[in-house]
Amino acid sequence: MARKTKRRQLLQNNRYCIYCGGVEKSTTWDHMPNKGMFPKDRPGGLEFPSCEACNQGSKWFEDIVSFIGSIRFDDSSDSATEHFDKKLAHLTKTQPEVIEELRPTRRQLRQAESALHDGGALNLQGEIASSALSLYGAKLAIALHWRKTQQILPKNAQIAVYCISNERLFDNSVPPHLFELLPDGEELRQGKNRSKYPFFFASGKAEDTSATVHWATFGQAIAYNLFVGGNLDLTSVPARQLFFPGCLQTVKPKPRLQSIPWPNRLTF
């Protein structure tokens, strides 16, 4: 009862959805990162006012990214394996076409084996998976921008999303200038409570504008560099990486499947 009362008060104090540019009234409190990105130990915090359309519209890509984010190269515990198996089973049941799209090419498998010695790969270049990763980054950018500024992005505000593969994290090829504007990172935690799947993030704000920049990592699975609003020059950003408030209601792309045989063994 106390939790429901607190959420009701929070919605009363934040009457409009942060994700669609404040167009719709907030009716629900949205977790970002979503609960599905964690096993069962997501700490409280990082919750945002949302309308029903934005909350429900993001479910399809949150499920995909939650599966990708469940991959743990440094953790072979029962809880990590259980979390991965649960995400895989859910995605197989609800979006089987995505599982097909994630099948790696032989070249990708060779690259993974070279980097990990005993590992596999996922093909994240398909239209559905790449759209899901980008939209998830856009949602995270809007949420972290609101957290940093307490201001709802206007409908015409641009959001640039750079999703960085763990391949680049492993070989240390992430450009160091991405961190120059950012303070020390934070971790999603509630008192002493922290998840076994750590989410680290850092947010910076330009002094003379409402523009913000963010860096976020989900273990060794996914990393994002995000640029939001203000007077940032985003003309060089590819169109597929540019988003606007309201994008969470984007319809899932139709699959374009290739006939690639599954390997005998696929591990992570």
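**Figure 1. Lining of the second largest pocket in the predicted model.** In this predicted model, helix α1 (2-13), strands β1 (28-31) and β2 (47-50), and helix α7 (127-149) each supply at least two residues of the lining of the second largest pocket. Helix α1 gives the largest share of that lining, with four residues. The volume of the second largest pocket is about 530 Å³, and among the 23 residues that line it, those closest to its centre are Arg 7, His 31, Gly 44, Gly 45 and Glu 47. Sorted by class, the residues of this lining comprise nine charged, eight nonpolar and six polar.

**Figure 2. The largest cavity and the residues around it.** The count of cavities of 30 Å³ or more comes to one, and the largest cavity has a volume of about 60 Å³. Its lining is made up of Met 37, Phe 38, Gly 69, Arg 72, Tyr 197, Pro 198, Phe 199, Phe 218 and Gly 219. By class, six residues of the lining of the largest cavity are nonpolar, two are polar and one is charged.

**Figure 3. Helix α3 and the elements packed against it.** Helix α3, which spans residues 59-69, is mostly covered, since nine of its 11 residues count as buried. The buried residues of α3 are Trp 60, Phe 61, Glu 62, Ile 64, Val 65, Ser 66, Phe 67, Ile 68 and Gly 69. These buried residues pack against helices α2 (52-57), α4 (78-94), α5 (96-101) and α7, and also against strand β9 (222-228). One of the buried residues of α3, Gly 69, is also listed in the lining of the largest cavity.

**Figure 4. Asn 55 in helix α2.** Asn 55 is found in helix α2, one of the elements against which the buried residues of α3 pack. Asn 55 has a relative accessible area of 6%, and because this is under 20% the residue counts as buried. When residues up to four places away in sequence are not counted, Asn 55 touches Thr 28, Asp 30 and Ser 50.

**Figure 5. Phe 200 in strand β7.** Phe 200 is found in strand β7, which covers residues 199-205. Its relative accessible area is 36%, a value between 20% and 50%, so Phe 200 counts as partly exposed. Leaving aside neighbours within four places in sequence, Phe 200 is in contact with Glu 186, Glu 187, Trp 215, Ala 216 and Thr 217.

**Figure 6. The protein chain as a whole, with its confidence.** The protein chain has eight helices and 10 strands, and 48% of its 268 residues count as buried. Among the contacts between residues at least 6 apart in sequence, 67% join residues that are at least 24 apart. The protein chain exposes about 14200 Å², of which carbon and sulfur atoms supply 49%. The mean pLDDT of the protein chain is 83, and 84% of its residues reach 70 or more. Over residues 259-268, however, the pLDDT is below 50, and this stretch has 24 contacts in the model beyond near neighbours in sequence.

Conventions. Residues numbered from 1 in each chain as written. Predicted model: local features only at pLDDT ≥ 70, side-chain atom pairs only at ≥ 80, totals over all residues. Heavy atoms only, no water. pLDDT = per-residue confidence, 0-100. Contact = heavy atoms within 4.5 Å. 1 Å grid on protein atoms, 1.4 Å probe; cavity = no way out; pocket = protein on both sides within 12 Å on 5 of 7 lines; lining within 4 Å. Points joined across faces, edges and corners; volume = space filled by probe spheres on them. Nonpolar A, V, L, I, M, F, W, Y, C, P; charged D, E, K, R; others polar. Buried < 20%, exposed > 50% of the residue type's maximum accessible area, 1.4 Å probe, protein only. Areas by Shrake-Rupley, 256 points an atom, 1.4 Å probe, with all protein chains shown as cover.
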